[in-house]
Amino acid sequence: MKRELLAAAFLLGTLSAAATADDAELKSFERGSWQQILRSHAGRPTLVHFWGVTCGPCKVELPQLGKFMKDHPGIDVVTISADLVPNLPEATQSMLQKAGLSAAENWMFSDGFADRLRFEIDPAWQGDIPRTMLIARGGAVTTIEGAAEMPELDKWAQGQAATTGSR
Amino acid sequence: MRDLRAILGAAAMAAVFTLWHGGAFAQMNHQHASEAACEETLLRCASKVTPAFAADGTLWLVWMAGGQISVASSKDDGKTFSSPVQVTRESLNLDWGPDARPKIAIDGKGRIVLAFSIFRDKAFNGQVLATQSTDGGKSFAPLRPITADNESQRFEAIALEPDGTAFAAWLDKRNRVPARQNGKPHDGAGLFFATSKDGGSTYLDAQLVADNTCECCRLGLALDGHGRPVIVFRNIFEGGVRDHAVVTFSGSASPGEVHRVSRDDWQIAACPHHGPSLSISPNGTYHVAWYTNGKARKGLFYARSTDGGKTFSNPLPVGEPSRSPSRPQVIAGPEGLVMVWKEFDGEKTEVKLMTSQDDGATWSTSRAIASTTDNSDHPLLVSDSRRVYLSWMTKADGYRFQPIERQP
């Protein structure tokens with residue numbers, strides 16, 4: 001049975017990778033996903049953005065992040081929809097697409113025990129969104145609560161680019 | 001056996017394929033991904049449960065389960081419940097935000113008033129709906145919007161005043177339209193209220209208490225000894241600081257001055273999804289518990305006011321900071337003050353309790369009174385004339401209603 005489930009998981013992976021370019025692919029954020037994200041982006045400057053479809057300030061910030069991603073191709077952009085009830089893939093995909101973030105690495109909370117997911121990311125985080133974590137090439141994390149100031153993000157991104165140049 | 005496995009495997013793959021193509025991402029792992037234990041309208045499947053005692057000692061619950069709002073009552077302190085009565089008939093997109101829940105209030109004559117929010121469109125604009133029962137909860141009137149305005153409303157709170165007036169307050173975004181037309185930004189939402197003189201059947205025109213309050217936190221509402229509404233809410237102070245404020249009404253239609261509860265200095269353009277709790281002692285002391293992540297302090301805090309909400313005591317930290325304390329509730333019960341909140345250690349959520357016998361001047365040490373290892377609703381406190389009870393909906397262990405035992 002285990003083998004068949006693995007096969008099913010593989011098939012799912014193939015299908016999700018084949019999703020059309022217009023649709024933002026949504027990965028299921030579950031237990032362990034956070035460590036997976038950290039591992040897969042280790043050594044690369046990464047912006048991780050937490051948001052939700054019902055959050056007013058998020059609606060304003062999301063398109064700005066779409067522009068940020070366009071302006072800074074050297075920064076990995078990861079979004080995580082952290083609304084406490086998931087189950088809204090269409091609304092999530094639609095907002096990501098409108099914001100120009102379809103090509104980002106997009107995740108959605110997919111565990112009904114959201115407290116535990118948040119705890120894995122940051123035990124001090126009580127669920128307020130938007131929230132942005134800037135992970136530097138060396139792994140140093142800067143957390144921005146609430147909507148980020150775009151000039152600050154640009155400055156950080158430029159700093160990361162400069163680090164590359166010195167290598 | 002081997003054949004069966006192959007069939008199951010193929011079926012699993014087919015199911016995954018079908019679901020993916022149906023766009024039903026959420027159903028792949030639905031029970032796991034859901035906040036609730038099951039998808040029916042039963043209490044067991046609820047994600048949010050709100051309790052209230054009637055004057056005759058009957059416990060009433062209103063809950064959200066299976067996409068519907070239902071009500072049931074208990075004559076034996078929650079051991080057994082009457083057959084549920086479903087209040088909603090059509091399928092509504094109920095507000096599932098972390099600080100949303102259906103509200104219930106019962107007057108001395110047994111009239112039951114309900115209110116709750118729905119998302120009424122794809123942009124998640126909210127609408128507050130209300131209904132009431134005059135036949136002891138056997139049936140409820142058709143749902144009515146609490147206000148005629150069509151801008152987004154959420155986070156309602158209701159209370160029944162001693163003269164039978166139904167009081168409702170909520171957060172409302174109607175003022176952002178004229179602001180935008182004038183080219184001005186409009187932060188947050190307005191705190192609005194309305195009253196009903198016919199027991200919650202129809203509400204009079206909505207009135208503004210304060211504009212530009214935080215748009216995504218529940219309100220704390222209580223009646224003082226004279227039956228006057230008092231509301232604690234997360235305000236937006238100058239510079240985008242989302243700290244708590246309190247307003248005391250001089251009558252059900254006359255909001256007084258807004259006072260600050262605490263200078264936490266939480267400057268954030270975000271939805272904290274974490275509103276305050278308010279209770280008022282028979283002697284008039286206000287008790288407030290809240291969450292902040294401000295520059296001045298971070299975590300859960302308690303403060304009290306002995307001058308009708310004009311000034312508050314120094315905030316008292318609540319809970320173990322390393323265990324992510326959240327969702328505080330405070331109640332002035334027949335045997336003193338009781339406060340509960342959640343703590344989480346990465347695996348297990350505990351409900352912690354502390355009590356005060358001197359109107360909040362000093363508090364007992366805290367102790368755990370319940371725990372669960374999966375998702376749970378906020379722990380709520382409710383009291384009858386004799387004692388205080390914990391009301392707590394958990395996904396793994398069902399609904400719990402337990403008396404708060406006096407500490408040894």
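**Close-up views of chain B in a predicted model**

**View 1. Strands at the second largest cavity.** In chain B, β6 (112-119) and β9 (153-160) each contribute at least two residues to the lining of the second largest cavity. Strands are DSSP runs of E with at least two residues, numbered from the N terminus. A cavity is a set of points, on a 1 Å grid over the protein atoms alone, where a 1.4 Å probe fits but cannot get out, and lining residues have an atom within 4 Å of a point. This is a predicted model, in which local features need pLDDT of at least 70, side-chain atom pairs count only at pLDDT 80 or more, and totals for chains, interfaces and linings use all residues. Residues are numbered from 1 along each chain as its sequence is written, chains are lettered from A in the order in which they are written, and side-chain values use heavy atoms, without hydrogens and water.

**View 2. Lining of the second largest cavity.** The space in this cavity is about 60 Å³, a volume being the space filled by probe spheres set on the points. Its lining includes Met64(B), Asp95(B), Phe116(B) and Phe155(B).

**View 3. Thr362(B) in its loop.** Thr362(B) sits in the loop between β23 (349-356) and β24 (367-372) of chain B. Thr362(B) counts as partly exposed because its relative accessibility is 47%, between the limits for buried (under 20%) and exposed (over 50%), with a 1.4 Å probe and protein chains only.

**View 4. A side-chain pair.** The side chains of Thr362(B) and Asp358(B) are joined by a polar contact of 2.5 Å. Such a contact is a pair of N or O atoms within 3.5 Å; within protein, one must be able to donate a hydrogen and the other to accept it, and residues adjacent in sequence count only if both atoms are side-chain atoms.

Key: 1 Å grid on protein atoms, 1.4 Å probe; cavity = no way out; pocket = protein on both sides within 12 Å on 5 of 7 lines; lining within 4 Å. Helix = DSSP H or I, 4+ residues; strand = E, 2+ residues; numbered from the N terminus.
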